[in-house]
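My notes follow in the order in which I checked them.

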Amino acid sequence: MTQIDGASTTPGYRVPRLRFAPSPTGFLHIGAFRTALFSWLYARHTGGQFIVRIEDTDLARTVEGAVDDFTQALQWLGMDVDEGLNIGGLYGPYSQVQRKALYQQYANQMIESGHAYKCYCTPERLDQMRKEQEAKKLPPRYDRRCRYLSEDEKAANIAAGLPYTVRFAMPLEGETVVHDKLHGDMIFKNTDLDDMIILKADGLALYHLAHLVDDHLMGITHVIRGEEWISSAPRHVQIHKALNWEVPEYYHVPVVLGKDKKKLSKRRGAPRWSEYKEQGYLPEAVFNFLALLGWSYDDKTEIFSQEELIKAFTLDRIGVASGIYDPDKLLWMNGLYIRRLPLADLVTRTIPYMERPEAEGGLPDSVQRPLDPEYTTRVLALEQERLKTLKDAAHAVSFFYEDEISYDNDILIQKKMDAAGTRDALQHARTFLAGLDTWEHTAMETPMREMATQLNLKTGQLFGSVRSAVSGRTATPPLFQMMEVLGREVTLQRIDQAIARLS
RNA sequence: GGCGCAUUCGUCUAGCGGUUUAGGACAUCGCCCUCUCAAGGCGGAGAUCACGGGUUCGAAUCCCGUAUGCGCUACCA
């Protein structure tokens, strides 16, 4: 295996190198990508590199398809990767199972230097020890039995071929300082740190060793990770010392909490990232929203394009307090991004949602696919500012496409009106509309306002009846523009049907 | 239990010793606009800056306690 020591081959100034290192143990929710986003933004802000590495040392929990899933997520969010699995790079491989020998090499090195030792304790003994400690209300911790094995005992264990793990020999006194750029210096007593396992009995490294070896070899300069790692950070600092390696800059960012104030997790109902795609959220809106989850620019700016974010993003403006993620605000932001979309983009991006089967939130199955892009452009022009998600469109505009609309007769009859009066009003409207020279909304409004006056109706009453007749709805885009798009034939036909319903 | 991190409107946040009667955004309420629904505009309500002590002429801002929340405490990451 040829490896390049990234940290030592580039003396002096190093281009920032940051990584996203998920473990493929499940499908990620958007909170998980927020940390990746910070790394990506900083890499792009500084002209550095963004690396993706798979932390797959836990074979038992590895989930099929997980790597594909987050690869797609990065793509969807527009986070391009400089090095990583399936892409390659100078510091590969980028999957930890393929780097097994490397971890063993450094573990051995530490055994030789006295910074680590082989532990022959069985899982059963460990379990029992933990139970006893808990019963005595003591902090559960390895009792370091194998650290003090005599040479004879060691030889006997080796001769017997006993399986072993490798543990890190933590300093027995003193303290460890973790320099964190967000939290400042965090000081830990070494007596609170135990001799954790760094190599499992099967020879594979644990996260504590593996991530650090990789970060070093891959020349990672800034480690941005969730604050759930703070507790183990002093252990990582100690391993760096034992290996005589430089500690990267740590940024422990707050976890994202759900409504229940617990760490966002799939088990607690946090949607997968793909849910947002499926529901018709725009990746640029999700990206913007995610960036604001624990990071802020100033006291007012919160809408940023990706380019603006790259320009504005600095690590020092990441906050330290955990925040509850607010789906309402994301929904608002998505609506805002939809409104700002050029119409042509909106159409091409919305049509796939509309063409989905009815059962999946698309238009009624009776509507012919594929949709006419030109007609749909005219339809969506009227609906754009009313949409919160792309998926909303199908329901909002279905009456533009249906041959038969169904509705309750009650909605035809407006306040302070009766069936006969409504029928009469619709008849007048029908006659007028049928006689128009050109079918343009600008030609409709003024005459119909006059008509309302003549009929002794409020415009709201007349327009409301016509609206319901033509759409089967009570909430629609502006009436005349809607009728223009529907066309004369459909409009008149639907008014006729409404009149028939009231007879 | 131990160790650690955090604590400004319901929520996200600005604030880094005096410019603050604590600013913005979402949500909420009201008004305006208006053919409905939105969008938009204007305005209201909403935070004794967790609490208690210090330091200082002066603290949301610095220090120390307490409380609460969260995280870690695996041959998981």
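How many bridges join β2 to strand β3? I am working from a predicted model, and in it I find two bridges between β2 and β3 (residues 83-84), which run parallel. Within this pairing, I51 stands opposite E83 of β3.

I then turned to strand β1 (residues 17-20), which is joined to β2 (residues 49-52) by four bridges, the two strands again running parallel. Here I noted that I51 of β2 is the bridge partner of R19.

Next I looked at RNA strand B, which has 60 residues around it, with D58, E302, E385, R449 and R467 coming nearest. Of the RNA atoms that come within 4 Å of the protein, 73% belong to sugar and phosphate. I still looked up contacts to the bases, and found a polar side-chain atom of R467 at 2.3 Å from a base oxygen, and a polar side-chain atom of E385 at 2.5 Å from a base nitrogen. For D299 it is a polar backbone atom that lies 3.4 Å from a base nitrogen.

The elements giving two or more residues to this surface are α5 (123-135), β7 (184-189), β12 (323-324), α12 (327-340) and α18 (459-471); the largest share, four residues, comes from α12.

Conventions. Residues numbered from 1 in each chain as written. Chains lettered and ligands numbered in written order. Predicted model: local features only at pLDDT ≥ 70, side-chain atom pairs only at ≥ 80, totals over all residues. Heavy atoms only, no water. Near = heavy atom within 4 Å. Polar contact = N/O pair within 3.5 Å; in protein donor to acceptor, adjacent residues only side chain to side chain. Pairing = 2+ DSSP bridges.
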